[in-house]
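Hello,

Here is the structure you asked for. My notes on it follow below.

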Amino acid sequence: MLDVGCGDGTLARELMRRRPELAVQGVELLERPTTAIPVRTFDGRTLPFADRSVDAVLIVDVLHHTDDPTVLLREAARVGRLGVVVKDH
């Protein structure tokens, strides 16, 4: 699973605790000194992953921070093989 805008990875860590078979990679605009999951930086528009390269994409409380949510949603759909889960304000 890919967690877009993962922050420090706390949510993803909890998901993996509850579902040990999950592996979650995070992406974030700014690198943090410590994270609960592996995190790569990205530009906020283009996800640095190949088409259909992750099973699912998680986007929690991120879209309202973007200039154009459609761009990020298209990228998530491109990368996610099975789907995209979105929770926002």
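**Fold and sheet**

From the N terminus on, the elements run β-α-β-β-β-α-β. That comes to 2 helices and 5 strands, where helices (H or I, at least four residues) and strands (E, at least two) are DSSP runs, numbered from the N terminus. Please note that this is a predicted model, in which local features need pLDDT of at least 70 and side-chain atom pairs count only at pLDDT 80 or more, while totals for chains, interfaces and linings use all residues. Residues are numbered from 1 along each chain as its sequence is written, and side-chain values use heavy atoms, with hydrogens and water left out.

The 5 strands make up an open sheet with parallel pairing, in the order S3-S2-S1-S4-S5. Two strands pair if DSSP finds at least two bridges between them. Strand S3 (39-41) and strand S5 (80-87) stand at the edges with a single partner strand each, so one side of each has no neighbour in the sheet. On average, neighbouring strands of this sheet are turned by 20° against each other, direction ignored; axes are lines fitted to C-alpha atoms, for helices over the stretch in contact, and angles run from 0 to 180 degrees between N-to-C directions.

Strand S4 (residues 54-60) and S5 run parallel and are joined by 6 bridges. Val57 has Val84 in S5 as its bridge partner.

Contact means heavy atoms within 4.5 Å.

Glu75 counts as buried because its relative accessibility is 12%; buried means under 20% relative accessible area, exposed over 50%, and partly exposed in between (1.4 Å probe, protein chains only). Leaving aside neighbours within four places in sequence, Glu75 is in contact with Arg45, Thr46 and Leu47.

**Whole chain**

The C-alpha trace spans about 30 × 30 × 25 Å along its principal axes. The radius of gyration is 12 Å, which agrees with the value near 12 Å for a compact globule of 89 residues; it is taken over C-alpha atoms, and the globule rule is 2.2 Å times the number of residues to the power 0.38. Of the 89 residues, 31% count as buried. Among contacts between residues at least 6 apart in sequence, 57% join residues at least 24 apart.

Regards
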